[in-house]
Amino acid sequence: SLTRLTNRTVTSAVELKRVLDEVRRNGFSVVDQELEIGLRSIGVPVTDPSGKVIASINVGTQSARVSVAEMESRFLPALSHAARELGTLLPR
């Protein structure tokens, strides 16, 4: 079951599938106050050299200080770069 933690939490299986499809298309995810009001985060997958997702990394911030658009423009490029670099260090 999907538990509502805030008024922004996705609690419908249909909506969750839509969100996951969007994450797959975009290559990153944003959690905007779904876990806790005031907490916003952006995350990217870490893939091994074969392309298999083996982990993820994210950055979180206070929602009042950084907008989603700013997270995507300022933090996403560095986060994606770090994930790629980390992936290259993994064994084949």
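The largest pocket has a lining of 19 residues, and V19, V23, V30, V31 and E34 lie nearest its centre. This is a predicted model, where local features need pLDDT of at least 70, side-chain atom pairs count only at pLDDT 80 or more, and totals for chains, interfaces and linings use all residues. Residues are numbered from 1 along each chain as its sequence is written, and side-chain values use heavy atoms, with hydrogens and water left out.

**The largest pocket**
- A pocket is an open set of points on a 1 Å grid over the protein atoms alone, where a 1.4 Å probe fits, with protein on both sides within 12 Å along at least five of seven lines; lining residues have an atom within 4 Å of a point.
- About 440 Å³ of space lies in this largest pocket, a volume being the space filled by probe spheres set on the points, which are joined across faces, edges and corners.
- Helix 1 gives the most to the lining of the largest pocket, with 7 residues; helices (H or I, at least four residues) and strands (E, at least two) are DSSP runs numbered from the N terminus.

**The second largest pocket**
- The second largest pocket holds about 210 Å³ of space.
- Among the 16 residues that line the second largest pocket, S29, G43, V44, P45 and S56 are the closest to its centre.
- Strand 1, strand 2 (39-47) and strand 3 (53-62) each supply at least two residues of that lining.

**A residue on helix 1**
- L20 is found in helix 1 (residues 13-26).
- L20 is partly exposed, with a relative accessible area of 40%; buried means under 20%, exposed over 50%, and partly exposed in between (1.4 Å probe, protein chains only).
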